[in-house]
Amino acid sequence: MQERRIYLDHHSTTPLDPRVLEAMMPYLTERFGNAASRTHAFGWEAEEGVEKARAQVAALIGANAKDIVWTSGATESDNLAIKGALHFYRDKGRHIVTMATEHKAVLDSCKALGRDGLADVTALKPRSDGILDVAAAQAAITDATVMVSVMHANNEIGVVQPIAELGALCRAKGVLLHTDAAQSAGKIAIDVEAMHVDLLSLSAHKMYGPKGVGALYVRSKSPRVRLTAQIDGGGHERGLRSGTLNVAGIVGMGAACAIAKAEMAEEATRLLALRERLRARLFGGLDQLRVNGDLERRLPGSLNVSFACVEGESLMMGLRELAVSSGSACSSATLEPSYVLRAIGVGEELAHSSIRFGIGRFNTEDEIDYAAGRVIAEVRRLRALSPFYKPATKIPAAEAPR
Ligand SMILES: *Cc1c(COP(=O)(O)O)cnc(C)c1O
């Protein structure tokens, strides 16, 4: 018999919703046309699928369909937004304000620009709850600032940043606001108008769509945002991103957005209940835990917990039937503690013994109960072997359980 497997890693990727696959199937088979072929029906029907999807993606974020540019995913969208703007506006300035807890697609795009002498980067530290201090962002903006890039929801700790507040600030200062919404889109409400967002990155596979497709929202009026293309070729996507469109993937992304828009409110309530059930069980069964990141301003299905006095690698080894992520990032040969956890003040040891739980659309109460039971049993087993663990010892105030 196969061992039970439970998927609780929805920050990494999500399964394809069967309804999305169904929408994609015709475009993987008989509707194989190139959406750029203007001379025959094969091209027209492909283009029709692409344009319907463009409207579906736009509707999820309150945008105009013509402001959606297809990409291969949020990594490419982040690269295009940041490099494209800093290239285009290089005569205005070269300063960019971002956060230390951004995804690597943002941080490394900034770093690459810095290396080429095209950007000066200010990476703000979050507060200890993971949230941006908007006053610090305001203080960081100078006359040379072209862009502020702050993610909507964090992929490791799930915290939701005050994008609307930041957007109002950026608009008043005449600075572009880019936000990476790969984690938040389809999970919590987004409105690019109300939030004053100028550029917004999306990824289909984080919202039950296929991998390898995404989009960048590029505001076309008040203000009109200009970008220098990073991929040149046939001039597709208003010249911003050349390359034959991934029609089936795009149709899937559109379907995923339409489902998310229709079901988001109900799903959020259900996922929040599952997450709180998991949290209650863990804190009921164990002491010396810490939730990383603010508990209120957080994605409904997201929970990141540090377990004191257990060795991170042993914990993951003991929980192999649970698909979760640890607070360690494999960089080359070494196991580095997560830079996000380190940035909010989690110690190196505790960062390694942290687990990110990402609850999603198809998880059940029974799976949550089983997962909680397994984690509790494994942490207890490892602590019984640990020379450091003393039941009910006080842990430092900064790391006290909440
Ligand atoms: C997953 C993710 C990305 C990368 O998206 P891809 O579509 O896999 O390239 C970027 N930013 C955030 C916040 C993510 O969660």
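Reader: Which residues are around the ligand, and what makes a residue count as near?

Author: The residues around the ligand are Gly73, Ala74, Thr75, His103, Met151, Asn155, Asp180, Ala182, Gln183, Ser203, His205 and Lys206. A residue is near a molecule if one of its heavy atoms lies within 4 Å of it. By the way, this is a predicted model, where local features need pLDDT of at least 70 and side-chain atom pairs count only at pLDDT 80 or more, while totals for chains, interfaces and linings use all residues. Numbering runs from 1 along each chain as its sequence is written, and side-chain values use heavy atoms, with hydrogens and water left out.

Reader: How do the shell residues around the ligand divide?

Author: Into three nonpolar, seven polar and two charged. Ala, Val, Leu, Ile, Met, Phe, Trp, Tyr, Cys and Pro count as nonpolar, Asp, Glu, Lys and Arg as charged, and the others, Gly among them, as polar.

Reader: How many cavities of 30 Å³ or more are there, and what makes something a cavity?

Author: The search of the whole structure finds two. On a 1 Å grid over the protein atoms alone, a cavity is a set of points where a 1.4 Å probe fits but cannot get out, and lining residues have an atom within 4 Å of a point. The largest cavity has a volume of about 120 Å³ (the space filled by probe spheres set on the points). Its lining has 14 residues, with His11, Lys187, Leu299, Gly301 and Ile359 nearest the centre.

Reader: Why is the largest cavity said to lie between domain 1 and domain 2?

Author: Because domain 1 (6-12 + 264-384) and domain 2 (18-260) both give residues to its lining. Those bounds come from an automatic or database domain assignment.

Reader: Which residues line the second largest cavity?

Author: Gly186, Lys187, Met264, Glu267, Ala268, Leu271 and Pro300 line the second largest cavity, which holds about 40 Å³ of space.

Technical notes
On a 1 Å grid over the protein atoms alone, a cavity is a set of points where a 1.4 Å probe fits but cannot get out, and a pocket is an open set with protein on both sides within 12 Å along at least five of seven lines; lining residues have an atom within 4 Å of a point.
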